[in-house]
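Take a look at the model below.

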Amino acid sequence: MFEWDANGKHYLIREVRNEAEFHAIEEVQREAWQFNDLDIVPAATLMATAHAGGCVLGAFDQDLMIGFAYGFLAFEDGRVSLHSHMLGVKPKYRNAQAGFYIKLAQRDFALSRRIEEITWTYDPLQSLNAHLNFGKLGVISERYIVNFYGEATSSPLHQGFGTDRLWVRWLITSHHVKTRIHRDKATAQTANRVADLEAAVNSALVVNEAGQPRRADFAARLADDSCMIEIPHDITALKQRDPQSAVVWREVTRAAFLAAIEAGFVVEDFLRADTESEPRWFYLLGR
């Protein structure tokens, strides 16, 4: 069991125990992603996963399930891992740090079974998820997958510009990961900062200019030992305001990630630069 306090409330995370709780996960999926029934992982699959040694955790506000994590054992490149297929939180609880603490509980689950790596996927244009994954948890990524779930799912969040994903690796016994998670538990630090915005822009494969992506000379940037890729502050709002611009961001950043990874770069961090208007966000990639 894993417990934490936020916003004057006490929450706990534990393994899901009964049929009602497995069905409650179906409802969290509907609220979190607005899936139709075809895209929801059903209670029966979750039950079978749990009984076969997989990870099905629920986060609770007293008796109310507010979030969950679902993962199964995997064998990736000769390594046993836990693949975290889903983590969802009810929208009204997203400011309670539930996602961060569910991942820590999932880490405890894996460590208790002597598993040292957890993997999952997420949309690299989602800045909040990128900050959680790289900034607070300390993942790395060496794989970019185009349209992982096809052109779209039933979720409005996954429609209009494809379902590209970064496949991230969480090396849960590493010094880097331990440092990140203990730092954020202790200080609630919001993000690592860009030390020099001008230097970041000058090393970026893609940079934000007046809301539009500008592609740099990839060959010149990839000749260095590190590079950056900038993404919009809020891609969900941009999709609603200017869908075509969101599509352009997808296409340009896709080309940048694929070129960098092909050239031997690894996505290592996600950095914030504060400006007078809104934050600017940069992925940091190194060889």
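## Nonpolar cores

In this predicted model, the largest nonpolar core has 63 residues. Ile13, Phe134, Leu137, Trp170, Leu205 and Tyr283 touch the most other members. There is also a second, separate core of 17 residues. Among them are Phe22, Ala32, Val41 and Val56.

## Strand β3

Val56 also belongs to strand β3, where it is buried. The strand covers residues 55-61. Seven of its seven residues are buried, so β3 is largely enclosed by the rest of the structure. In a regular strand, side chains alternate between the two faces of the sheet. Both faces of β3 are covered. On one side, Cys55, Leu57, Ala59 and Asp61 are buried. On the other, Val56, Gly58 and Phe60 are buried.

β3 pairs with two strands. Strand β2 (residues 9-15) runs antiparallel to β3, and four bridges join them. β3 and β4 form a hairpin with two residues between them. Gln62, in the turn, has a positive phi of about 60 degrees.

## The largest pocket

Rolling a probe the size of a water molecule over the atoms shows where empty space is left. The largest pocket holds about 1600 Å³ of space. Its lining has 45 residues, and Trp33, Leu87, Arg94, Leu128 and Asn129 lie nearest the centre. Elements giving two or more residues to this lining include α1 (19-33), β5 (79-89) and α3 (98-112). Helix α4 gives the most, with eight residues. By class, the lining has 20 nonpolar, 17 polar and eight charged residues.

## The second largest pocket

This pocket has a volume of about 230 Å³. It is lined by 17 residues. Asn208, Gly211, Pro232, Arg241 and Glu278 lie nearest its centre. β10 (204-209), α8 and α9 (243-262) each supply at least two lining residues. The largest share, three residues, comes from α8. The lining divides into five nonpolar, five polar and seven charged residues.

## Ser127

Helix α4 spans residues 127-137 and contains Ser127. Is Ser127 buried or exposed? Its relative accessibility is 8%. Buried means under 20%, so Ser127 counts as buried.

Which residues does Ser127 contact, leaving aside its neighbours within four places in sequence? They are Ile231, Pro232, His233, Phe270 and Trp281. Pro232 also lines the second largest pocket.

Key: Residues numbered from 1 in each chain as written. Predicted model: local features only at pLDDT ≥ 70, side-chain atom pairs only at ≥ 80, totals over all residues. Heavy atoms only, no water. Buried < 20%, exposed > 50% of the residue type's maximum accessible area, 1.4 Å probe, protein only. Contact = heavy atoms within 4.5 Å. Pairing = 2+ DSSP bridges. Core = buried A, V, L, I, M, F, W, Y, C linked by side-chain atoms within 4.5 Å. 1 Å grid on protein atoms, 1.4 Å probe; cavity = no way out; pocket = protein on both sides within 12 Å on 5 of 7 lines; lining within 4 Å. Points joined across faces, edges and corners; volume = space filled by probe spheres on them. Nonpolar A, V, L, I, M, F, W, Y, C, P; charged D, E, K, R; others polar.
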